[in-house]
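Subject: Structure for you to look at

Hi,

Here is the structure I promised to pass on. Have it open while you read, and my notes on what I found follow below.

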Amino acid sequence: VHTFSNTFFVVSLFADAVVPITCFIIVCLFALQHYGTHRIGFFFAPIVLTWLICISALGVYNIIHWNPHVYQALSPYYMYQFLKKTKKSGWMSLGGILLCITGSEAMFADLGHFSYTAIQITFTFLVYPALILAYMGQAAYLSKHHILHSTYQVGFYASVPESVRWPVLVVAILASVVGSQAIISGTFSIINQSQSLGCFPRVKVVHTSDKIHGQIYIPEINWMLMILCIAVAVGFRNTKHMGNASGLAVMAVMLVTTCLTSLVIIVCWRKPPILGLAFLLFFGSIEALYFSASLTKFLEGAWLPILLAFILMTVMFVWHYATIKKYEFDLHNKVSLEWLLALGPSIGITRVPGIGIVYTNLVSGIPANFSRFVTNLPAFHRVLVFVCVKSVPVPYVPSVERYLVGRVGPPAHRSYRCIIRYGYRDVHQDVDSFESELIDKLADFIRFDGSRNTGENSLTGDGFRSSESTGECRLTVIGTVGFSGPPAYEMDESDQPASVSVGFQTVDSVTDVIEMAPMPERRVRFAVDDESETGVRSEKEMPMREELEDLWAAQQAGTAFILGHSHVKAKQGSSILKRLAIDFGYNFLRRNCRGPDVALRVPPVSLLEVGMVYVV
């Protein structure tokens, strides 16, 4: 909108080039996004600063030169008099007046890219005063020029002195491009958080900064936004309809934000309900006035944000609904612990060397995809870890509270459950660091459990806090602070390979599963107690030592990641709407979004996918 508005100024000279120039600027803007906000911001920041100083200086000039008493217009009394005098026509004009603030609110959508303090200081002491001075300057000019005797369609340029008009136009076009950056960056953050909460299909998220984790780039969303922006510029071809669409979108955002803030006041801040209601009535009534005025422009462009919002809400609802139904299916079809413990050589089941990491959404029980895997391929790994990655509705999860580890069955079965919790703004680890850290936590848990069984309960200190699970085992929070003794294991860095992941080339036969790819020789020693250094071995510590040695041997043999490859179908007798949503909507989104192996960053060579049909 801002880019088109400024290029519209040169329509008298380049009448046929406005739309192509706008499209070219849009393509260039989106092509720069993969460099990251910190690099783009380094280039854009001087432009924004120059623009804010420019409009402030022009505002001060017009106030002094045309009407020094215009500051009185800041009083709400004149707004009341304006509405009282103009009545319906004044109310309908509020939709256009709203455009004075569109764009300035977008900087609050960049909370994932900049700190709270930076945004608050910038808006309070730079952006807001510059806007006030700019619009007061235009009001001062228009108070003396009720009829514009110029060919300019935009009152702002009419108030700019002739000698600096073209330089101001150049800065304005550059600043409008920068203003669009705030919306793009905010969109990336919102999509990423929605994806973490299971409300949006999986997309590729690229972290563009090593220091600020919230600075991200999403290629799919970037190019979709570019196509939509070009379509709007070509389709509308004028600023009136685009302004109406922008105004309604901004007012809808403000109104929804006010409603949600009133709930936050009551639910999160635990303030009296009367305070939340007062907040809603005061700000909501003002915003509802503007919103109702924007709705009168529905047929003149304001329909676009409503249509886009409807499509986006449909996608999010279908994805979230199907995700919940899949989880309920897993919950109802999970296998009992007794089934897992009964698997053994007596019924033809082979335990192969290595670590098998089974991804599941369940926090208890054995997932159905693992039972299907064992039924069709009667072998599983010597060390089995059921990993459940949970996104919790908080921004960050402290590293000391991220891993919950417990046993599945007796120690001799060598099966574990690990729940890994991420906040919606946490950065997921790459597979190598995740695998190494997971094994570290398993080793720490084995030592802790062994020490607990020998009566040394004092070790449940800063690093370990126990919590009862609702099922077969006790889950323990494994923090970053471990034992005061030696580490869980010691590794010779000189002989360490680049990756500890070794998978299967094919899964056409049981032999392919049993034959692991060779690992480079590594000297790894798990440590248990200082007594081992002096040769004193306690019989109670021998099971713990053997378990650590089994874990080390399994790590040496390699790791495989077992994921379910799902196909979802609506059950017989479902309504037409549900069949459309599940059979067509969800499956279309699933086929065209990134798979769980990509989202979890699983290396293809170590991946085993188990087909599952979900009837929901």
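This is a predicted model: local features need pLDDT of at least 70, side-chain atom pairs count only at pLDDT 80 or more; totals for chains, interfaces and linings use all residues.

With strand β5 (residues 403-407), the pairing is antiparallel and runs over 5 bridges. There you will find Arg-407 opposite Tyr-416 of β6.

β5 itself deserves a look. Because 5 of its 5 residues are buried, β5 is largely enclosed by the rest of the structure. The cover is on both faces: Tyr-403, Val-405 and Arg-407 are buried on one side, and Leu-404 and Gly-406 are buried on the other.

Next, the aromatics. The count comes to 14 aromatic pairs. One of them is Tyr-77 with Tyr-78: the ring centres are 5.6 Å apart and the planes sit at 75°, which is over the 60 degrees needed, so the pair is edge-to-face. Tyr-77 has 48% relative accessibility and counts as partly exposed. Tyr-78 is partly exposed too, with a relative accessible area of 43%.

Then there is Phe-370 with Phe-386, where the ring centres are 5.5 Å apart and the planes are at 80°, so this pair is edge-to-face as well. It links distant parts of the chain, as Phe-370 belongs to helix α14 (residues 368-376) and Phe-386 to strand β4 (residues 379-392), 16 residues apart. Both Phe-370 and Phe-386 are buried. They also belong to one aromatic cluster, together with Phe-373 and Phe-380.

One more ring to check is Tyr-614: Lys-326 lies over its face, at 5.3 Å from the ring centre.

Now to a helix. Does the length of α10 (residues 239-268) agree or disagree with what its residue count predicts? It agrees: at 1.5 Å a residue, its 30 residues should span 44 Å, and the end C-alpha atoms are 41 Å apart. Quite a few residues of α10 are buried, among them Met-242, Leu-248, Val-250, Met-251, Thr-258, Ser-262 and Ile-265. The stretch from Met-242 through Gly-243, Asn-244, Ala-245, Ser-246 and Gly-247 to Leu-248 is on that buried list too. After α10 comes Arg-270, and its phi is positive, near 55°.

Finally, some figures for the chain as a whole. There are 19 helices and 12 strands. Of the 616 residues, 42% count as buried. Among contacts with a separation of 6 or more, residues 24 or more positions apart account for 77%. The accessible surface comes to about 31,900 Å², and carbon and sulfur atoms make up 65% of that.

Cheers

Notes. Residues are numbered from 1 along each chain as its sequence is written. Side-chain values use heavy atoms; hydrogens and water are left out. Helices (H or I, at least four residues) and strands (E, at least two) are DSSP runs, numbered from the N terminus. The expected span of a helix is 1.5 Å times one less than its number of residues. Buried means under 20% relative accessible area, exposed over 50%, partly exposed in between (1.4 Å probe, protein chains only). Contact means heavy atoms within 4.5 Å. Accessible areas come from the Shrake-Rupley method with a 1.4 Å probe; for residues, only the protein chains shown count as cover. Rings of Phe, Tyr and Trp (its six-membered ring) pair if their centres lie within 6.5 Å; planes under 30 degrees apart count as stacked, over 60 as edge-to-face and the rest as tilted. A charge sits over a ring if NZ of Lys or CZ of Arg is within 6 Å of the ring centre and within 35 degrees of the ring normal. Two strands pair if DSSP finds at least two bridges between them.
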